[in-house]
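Please view the structure first.

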Amino acid sequence: MALPATIVASEEAGALFLRAEGDWLVAAAAQLDRRLHALDLPTGRKVTLDLGGIERLDTAGAWLLLRTEQALAARGNNVEFANLRDTLAPLFDQLRAREMRPPPPHPIPPHHTLVGFVARIGEVTIRILRQIYSMIGFGGLVSLTVARLLANPRRLRVVATVRQMEQTGLDAMPIVGLLSFLIGVVMAYQGADQLRRFGAEIYTVNLLGVAILRELGVLLTAIIIAGRSGSAFTAQIGTMQVNQEIDAMRTLGLDPIEVLVLPRVFGLVLTLPLLVFFADAMGLLGGVLMTWATLGISVPAFFEQLRGAVTGWTLWVGIIKAPFFAAIIAMVGCYEGFNVAGSADSVGRLTTQSVVESIFVVIVADAAFSILFSLLRI
Amino acid sequence: MAGEPDEIVIRVRGLVTRFGAQTVHDGLDLDVRRGEVIGIVGGSGSGKSVLLRSIIGLRRPEEGDIEVLGRDVLNIDTAEAHELEQRWGVLFQDGALFSSLTVMQNIEVPLREHCPMPEPLMDEIAACKIALVGLPEPTADKFPSQLSGGMRKRAGLARALSLDPEILFLDEPTAGLDPIAAAEFDRLIADLKASLGLTVFLVTHDLDTLFAICDRVAVLVDKTIRVGSLAEQLADDHPWIRAYFHGPRGRAAHPDGGR
């Protein structure tokens, strides 16, 4: 049904005739583009583009003809259209009125070159520094709001805070408990396997006690909560940002930091230590079961050994870190949520970023705590 | 374009649409002829957008038959549906641009999918559409979130036009445009219709657009539709239609000042 589109060149009375024929539609554009590029364009002559043979024309076809006209005119030819049907004229008028020119070819992305690579490193560095700067700014803003709240404690949104505690704490108990239990089992198994070679199986209990109470319990819980609740904070606040709900809040005289951020920060700061305690208990339970099953250490013997291995401080060193980690996770999650701009795409990107950043900052903070505790000789 | 002047490109028969207990369309019949601009008007909730969605196959009606370009939209296999989709373009209310792609990449999506061609040519054709809908050149490399609502709408139109479709479905195209841009939009649609033989299915509230470019107007009232020329609609004495065309805004938009 579609007529093949062609362009034919011929010489007549000292002028060049280019005859376009057939259906100049988008489906034929690739083929016509090749033909037109293959044409030998003259310079400084009279050229007639004869459009009488065109059956059907769409914008793609019209553009190809217009482009050819422009290329001919640029070479100093005297170009004119001939036999253009009246019904097709408005199409050319539209394109001409917009002064349509070929777009510049897309430049090669600069980071494929060495200079581009170095420039990119610089860009990323500056971006990271800016990010840190604005994150500290956000921390300051939240602190100020907390200070204002302390001056007027009735402004605390108790219901919202309790709701956050339920969602981030209570609802996370099954997964935190199960994972801690499994880590206890794995640690006990691996520890027993290694220590048995020295005949020191009983020290598996010391290993478990110190590792789980000091480090693993709190770190594991913080990472699970960063993935579970930190991401939720970003997605919730980000979606509100896309829907302009945050803007609406501001115009209604509500402070988004007070309404959205503080209940999340307080909720998480209060629940994470409790979750860590629960995780410690479940981890030790896994250890008890595994040492009993593989090493035959009875439950009373396990706790007897544990009492010699750890002190109250071993537990507190783990739990003290929890509120700090909680504040980091909640603030990074909320901060990235406020950074969402415009689209659904950005919600997804920033949610990922929020989880990665909060886990990173939590581990950095954990290292800082280790140094601090070793200086304090705890 | 091929075909007789009075060829019917969209034929709707006995359409019934229900949402739970609420009936929106009850036995609606509609014919759209090739090369005409038909304006669909009606109160909020009268089912204008639902009618559009049913015709393009996004919503299955409870009863009725819908034919587009001679194909039964409700009983169509995937291959035929794909072929049909290349012959129509749709502009959704908010543009519905892909947010992870730039404007130019958005326009190139249908080209890339259906008409393989060299990259530079694709950029040229996309740039044509961008110019055609009146967007400034630098818009091409922007992302939808960086555009204003009116610009997003134009970019959406450019994407709907990218395969030079035979039928253009527009859902409230001039809402959110300033009056100058809306008038330019009307002229653009009229020019495209004249030069490409485009059939336009236009859901609108904009009375100026109705008076400027619509050949026929279909009014959704009483769960069915009344189609006629503007003159016929203006003479209709159905209370809602009278209120619509002879209200203060209708009179203001009318070329003779509403006499």
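Four residue pairs are in polar contact between chain B and chain A, both residues of each pair being at pLDDT 80 or more. A polar contact is a pair of N or O atoms within 3.5 Å; within protein, one must be able to donate a hydrogen and the other to accept it, and residues adjacent in sequence count only if both atoms are side-chain atoms. On chain B, the side that touches chain A draws at least two residues from each of α3 (103-114), α4 (119-132) and α6 (179-196). Helices (H or I, at least four residues) and strands (E, at least two) are DSSP runs, numbered from the N terminus. The largest share, nine residues, comes from α4(B). By class, this side of chain B has 17 nonpolar, six polar and seven charged residues. Here Ala, Val, Leu, Ile, Met, Phe, Trp, Tyr, Cys and Pro count as nonpolar, Asp, Glu, Lys and Arg as charged, and the others, Gly among them, as polar.

This is a predicted model: local features need pLDDT of at least 70, side-chain atom pairs count only at pLDDT 80 or more, and totals for chains, interfaces and linings use all residues. Residues are numbered from 1 along each chain as its sequence is written, chains are lettered from A and ligands numbered from 1 in the order written, and side-chain values use heavy atoms, without hydrogens and water.

The contact (heavy atoms within 4.5 Å) takes 30 residues from chain B and 28 residues from chain A.

Now the charged pairs. A salt bridge is a side-chain nitrogen of Lys or Arg within 4 Å of a carboxyl oxygen of Asp or Glu. One salt bridge lies between chain B and chain A.

| Salt bridge | N to O distance |
|---|---|
| B:Glu124 and A:Arg67 | 2.6 Å |
| B:Arg18 and B:Glu63 | 3.8 Å |

The pair within chain B links distant parts of the chain. B:Arg18 is in strand β1 (residues 8-19) and B:Glu63 is in strand β4 (residues 63-68), 45 residues apart.

At the start of α9(A), a side-chain oxygen of A:Asp255 comes within 3.1 Å of the backbone nitrogen of A:Ile257. Just after α9(A), A:Gly296 has a positive phi of about 70 degrees.
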